[in-house]
Amino acid sequence: MDSLGFRATFYDIIGYMIPGSLAIFVGWANVFVWGDAELAKNAMKIVVENFGFSFVVIAAAGYVCGHALNALSSCVIEWPIRKLWWNKWTNWTSRLNEERLARVDEMARKEFAMPAKQLSAFDIRIRLESQLPGPAITGLCFLSYYGMSRNLVALSLLATPVSIAIAGWWGIASLIVAGLFFYQYKRSVVNYYDFLGSSLLLAA
């Protein structure tokens with residue numbers, strides 16, 4: 001596997017594993033609060049006593065749960081965002097000065113037969129991977145971070161009911177955390193598209 005493929009796999013695993021592993025903990029907390037507290041305590045005891053093996057199992061299960069959480073956050077978080085603010089967030093050409101926009105627009109019309117503002121992130125990533133592997137790897141890191149931020153927004157919202165049950169102010173804290181992750185999600189999307197556009201200028 002080449003460097004690009006290895007790092008893409010690494011960022012993919014981390015981006016799913018961290019939110020997914022936290023989702024397992026939230027699930028455990030729900031069992032503890034709403035279900036069988038004794039069962040939850042015994043499960044935690046087994047995890048602590050067999051930490052090495054449990055870590056591997058939870059990491060693997062977290063990766064799988066991360067995919068499920070990603071599908072959920074895509075529907076619940078990103079779908080309405082795409083209807084409301086997505087065009088503004090991803091309009092990287094509007095944040096270029098006239099000189100840079102002219103350069104990248106000329107290249108886009110020559111290479112893709114369309115203006116730069118119509119290029120998709122996929123179009124740009126394919127060009128970077130073939131010509132500029134360094135920026136392409138950094139772009140994958142941005143992409144993983146933005147997906148992870150969105151998943152953490154969904155997870156924070158899912159954790160709110162059990163947080164309220166444990167202590168009312170925990171619920172407020174959970175909503176505040178969800179808001180912070182949402183802000184980071186927005187920044188990650190904007191930064192991802194701005195980075196793609198800036199990297200494309202290197203090949204223009």
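The model is a predicted one, in which local features need pLDDT of at least 70 and side-chain atom pairs count only at pLDDT 80 or more, while totals for chains, interfaces and linings use all residues. Residues are numbered from 1 along each chain as its sequence is written, and side-chain values use heavy atoms, with hydrogens and water left out.

Helix 5 takes in residues 98-111 (helices are DSSP runs of H or I with at least four residues, numbered from the N terminus). From its first C-alpha to its last, this 14-residue helix reaches 20 Å, close to the 20 Å expected at 1.5 Å a residue (the expected span being 1.5 Å times one less than the number of residues). V104, D105, M107 and A108 are buried in helix 5 (buried is under 20% relative accessible area, exposed over 50%, partly exposed in between, with a 1.4 Å probe and protein chains only). These residues sit on the same side of helix 5 because they cover an arc of only 165° around the axis (taken from the directions from the helix axis to the C-beta atoms). The face turned away from that buried side carries the exposed E98, E99, E106 and K110. At the start of helix 5, a side-chain oxygen of N97 comes to within 3.2 Å of the backbone nitrogen of E99. After helix 5 comes A113, with a positive phi near 60°.

Now for the other helices. V56 belongs to helix 3 (residues 51-84) and counts as exposed, at 53% relative accessibility. F10 lies in helix 1 (residues 3-34) and is partly exposed, with a relative accessible area of 44%. Its C-alpha is separated by 24 Å from that of S156, 146 residues apart along the chain.

Conventions:
Helices (H or I, at least four residues) and strands (E, at least two) are DSSP runs, numbered from the N terminus. A polar contact is a pair of N or O atoms within 3.5 Å; within protein, one must be able to donate a hydrogen and the other to accept it, and residues adjacent in sequence count only if both atoms are side-chain atoms.
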